[in-house]
Amino acid sequence: MSITLKVNGQSHTVDVDPTTPLLYVLSDDLQLNGPKFGCGLGQCGACTVINKGQAIRSCVTPMSMVSGAEITTLEGLGTLEKPHPIQQAFIQEQAAQCGFCLSGVILTAKAYLDRNPKASEADIRQAMSGVLCRCAGNNRMMKAITRYAQEVKA
Amino acid sequence: MNRRSFLKGSGALVVGFSIAQVAEDLGLAPGVLDAQRLDGASSNQLDGWISVNADGSITAFTGKCEIGQGLYTAQTQLVAEELCVPFNRVKLVQCDTALCPDQGTTSGQQSHPTNFNLGSLALAGATAREALVGLAATRLGVAADQLTVKDGVVSAKADASKRVTYAELIGDRKFNLTLNRNAKRKPHSEWTVLGTPVARVELPAMVTGRFEFVHNVRVPGMLHGRVVRPPSRNATLMSLDEDSVRGMPGVVKVVTKKNFVGVVAEKPWQAMQAAAKLKVAWANGAPLPAQRDIHTRLRDDTRTRDTKPVDAGEVDAAFSGGAAVVKATYLYPYQMHASMGTACAVADVQGDKATIYAASQAVWPLRSSSAQVLGLKPENVHVIFKQGPGCYGINGADTVAYDAALLSQAVGKPVRVQLARKDEMAWENYGLAFVIEERAALDRNGTIVAWHSEGWSPTLGGRPGPNNPGNQVTGLLAGFEPQPFQPRTPAPAPNAFSNNDNAVPNYVTGLVNGKTEGTGTIATQRVVSHSVRSVFLTGPLRAPARIQNTFAHESFIDEVAASLKVDPVEYRLRHLSDPRLIAVVNAAAKAANWSGRPSPTSSRRNGIASGRGMACVLYEGDNGYCSVVAEVDVRLDTGVITPKRFVIAADVGPISNPDGLKNQLEGGSLQGLSRTLLEEVNWDEEKVTSIDWRTYKPLYLGADVPKIEIVLINQAEGEAMGAGETAITVVPAAIANAVFDATGVRLRQVPFTPERVKAALASRT
């Protein structure tokens, strides 16, 4: 089945079994490194991408549901030379250890804060409650997210 | 050329196995790489470690890898410092069996001591700088001690116009020198790169999704594999029906080898669907022992392998002489690495040669063990390290390399395998369950005069090393045995002190052969450790045995102090002799504003009890000092423990990167919190039932986590020690001690679930 969607601003048409989770199309067909397979069950967040402002878990989102979608991955936020402010906040706080969870952490936080710019710290914690960093970089990551939240507010 | 394009360039290796291509990509002189292909024999050859390129940049080669601990950045700092070049002029190549010096395994927080003292990489850097200064002395006609080096330029101190660059001296040519054991490290006082908080090199690429993990390795013609693990623990393969997947889109081949089963397809989703649909008949094996009996079985097993790190003084007499005796038993569960991403590898087996991309901490052993799995010669296997998710010990990185290699060999094409979450969790090498019994005899002043500690833990398999692929699940299924378990009772008498497992408490003298190498004052002491054959595969999990032993020892010293109504920090100090351990205890206590008083306290408000606890360790007996003060709240109605504050003090010798060190202490302590409060492997009669993040609960980002404050003690003139595993080691006891301080309830079994806390609170009244 032929499905067309936009990824990081570019239109792609892929011929694929419609039950295929979006993650495999992004990482295998489109060769993107941002979204990761963590659990395949929507339990950890590593596969997170943003679709029209909403964070979704691409490992449990079949291609049949994303026809016409506008997907943003980590690659679509900023570049090495010009990282997005939330990416910059993670660099400034050195908020990573192995780095495998970053797609879920950054994109979940960004999607939430862009829609809830006045969120309190407790709200942010609630929004991040289903996202895992197995290296337990919790404190630095919350600092980076809070730094971005202040920029969104300002 | 930058590192990113080097990584890209190395993709060519799969197809061509081309060392020459890599040399060209790196801008290296021909011959430099030849030295590095001598499988570790190169390690005393300077050219095996350091190469000065034509543009004056440096390429360094290391056998210790980045696993999220910041080592790539720290090693780059080390090379830049020793060679007196700016940080960004150094490119580091890590753990490629064809390029790098064989440094064995990156584990046990040994990389900092190995490469940052005068050994190995540091020695190479110092040798190279001295050699370059020597060449410059000849070239400029100025005595070496009258020269100075800055930014890769050697110049005369008296006349700066007399100068020559590294590139002019040796660019693109070999040193042809052996490492000079007498080369001098740059003194700490002159450091400008090392010792500073240099930002992690990989981070910009990681946060922007540009970084290439092993999961992102893509090679031309690559297929995708999926393994089918048995449905229960000891099941064996009876038959499988290949027709059940025939005609499914993309399916290339069904592969079996004894009990190993896998499917290869063109696309990952096709492989997953085929693996799910494949009809396989398995014969059930022996049932698993009941989980609730695990500690009793451990304690009562008579087939044990015993070791005795210390046995000094009249221990039995001390306990039978009518002295006051305190006893307690501590229990620890099986836990798992459960990495953030499931393990992944890409293998390309072509005839008698193989190339494997793996996130293994042990690429050289993996080369040999995967050669064994494939029936190839080790020298024909090329393992290339690619970063993976944090492993915290032996996760699935090696076993999935076998999976990919077996499937690639069967189809003759490159195959990528990433495990399913359940396949990784149900079959990994778990961290050790433990039973530890502690006994202390006290004199009339309440001073401990004898300490007896005895532990039991299960073992099966572990790191495969060069020749035990059966130590992990894939090797086991494919017909290899785990390394044999060899009972040994009684333990031989100790002949040299080692506290590698922290089986010896901090508070004894560690007297062996007339020398006291422990950290405490108690002269009468015996420690016995019993290994028992495990029902599950086991392996090192961050602070293996050390977190369990330290949980017991550091809880027990508090129990003794409480029995005497003495402040637990004061009581620790009374039995410690090592000045650096004393210093970290004092530093954390001071920073936490510790109020000296016995536990428990009676601080209660609104159904919440609050308390503080301390624990300390000299990791592995010689590899990093750490202490923590934990402050917790305990909800008396629900039994929920909420840590509010961790104050950590650490002394790991000269600090290479203070921010990197802090990051390790923060993450280590919070992962310790996760393991203390939440983590436990569960199973039923047939199989492990902890197979995802609902059935094996970790600490999520939304969790209530403590504020963390860190005191770093920099020992500029000391030896570099490890840092990655110290903080996690002290957390379980510090929390248990804080809960006792808050409630008067002693938790002796990890994890401290609300149910266990509630039960303990209920039994108190």
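**Conventions**

I number residues from 1 along each chain as its sequence is written, letter chains from A and number ligands from 1 in the order in which they are written. As the model is predicted, local features need pLDDT of at least 70, side-chain atom pairs count only at pLDDT 80 or more, and totals for chains, interfaces and linings use all residues, while side-chain values use heavy atoms, with hydrogens and water left out.

**Entry 1: the interface**

I began with the interface of chain B and chain A. I counted 62 residues of chain B in contact with 55 residues of chain A; contact means heavy atoms within 4.5 Å. The size of an interface is often given as the accessible area lost when the parts come together. Here the two chains bury about 5,000 Å² between them, and 55% of that is on carbon and sulfur atoms. Buried area is the accessible area (1.4 Å probe) that two parts lose on being put together, summed over both. On the chain B side, Val207(B), Met340(B) and Leu701(B) lose the most area to chain A. Together they make up 18% of what that side buries.

The rule finds six salt bridges across the interface. A salt bridge is a side-chain nitrogen of Lys or Arg within 4 Å of a carboxyl oxygen of Asp or Glu. I noted the salt bridge of Asp28(A) with Lys267(B), where the closest N and O atoms are 3.5 Å apart.

Which elements give two or more residues to the side of chain B that touches chain A? They are α9 (203–207), α10 (268–277), α20 and β27 (707–712) of chain B. Helices (H or I, at least four residues) and strands (E, at least two) are DSSP runs, numbered from the N terminus. The largest share, nine residues, comes from α20(B). By class, that side of chain B has 28 nonpolar, 20 polar and 14 charged residues. Ala, Val, Leu, Ile, Met, Phe, Trp, Tyr, Cys and Pro count as nonpolar, Asp, Glu, Lys and Arg as charged, and the others, Gly among them, as polar.

**Entry 2: helix α20(B)**

I then turned to α20(B), residues 658–677. Its 20 residues reach 29 Å from first C-alpha to last, close to the 28 Å expected at 1.5 Å a residue. The expected span is 1.5 Å times one less than the number of residues. Of its 20 residues, 17 are buried. Buried means under 20% relative accessible area, exposed over 50%, partly exposed in between (1.4 Å probe, protein chains only).

At the N-terminal end I found Asn657(B) as the cap, with a side-chain oxygen 3.1 Å from the backbone nitrogen of Asp659(B). Within the helix I checked Glu666(B). Glu666(B) is buried, because its relative accessible area is 14%. Not counting residues up to four places away in sequence, Glu666(B) touches Ala136(A), Arg140(A), Ile708(B) and Ile710(B).

Pro654(B) lies in the loop between β26 (641–651) and α20 of chain B. Its relative accessibility is 9%, so Pro654(B) counts as buried. Beyond four places in sequence, its contacts include His112(B), His188(B) and Trp191(B).

**Entry 3: a helix in chain A**

I compared span with expectation for α4(A), residues 102–115. Its 14 residues should span 20 Å, and the end C-alpha atoms are 20 Å apart, which agrees. Twelve of the 14 are buried, among them Leu102(A), Lys110(A) and Tyr112(A).

**Entry 4: Ser370(B)**

Ile356(B), Val381(B) and Tyr402(B) are its contacts outside four places in sequence.

**Entry 5: backbone exceptions**

Most residues other than glycine have a negative phi, and most peptide bonds are trans. I listed some exceptions in chain B.

- Thr489(B) and Pro490(B) are joined by a cis peptide bond, omega about -5°.
- Val750(B) to Pro751(B) is also cis, with omega near 0°.
- Cys84(B) has a positive phi of about 55° and sits in the loop between α5 (71–83) and β3 (90–94).
- Ala543(B) has a positive phi of about 65° and lies in the loop between β22 (524–533) and α17 (546–563).

Methods
A polar contact is a pair of N or O atoms within 3.5 Å; within protein, one must be able to donate a hydrogen and the other to accept it, and residues adjacent in sequence count only if both atoms are side-chain atoms.
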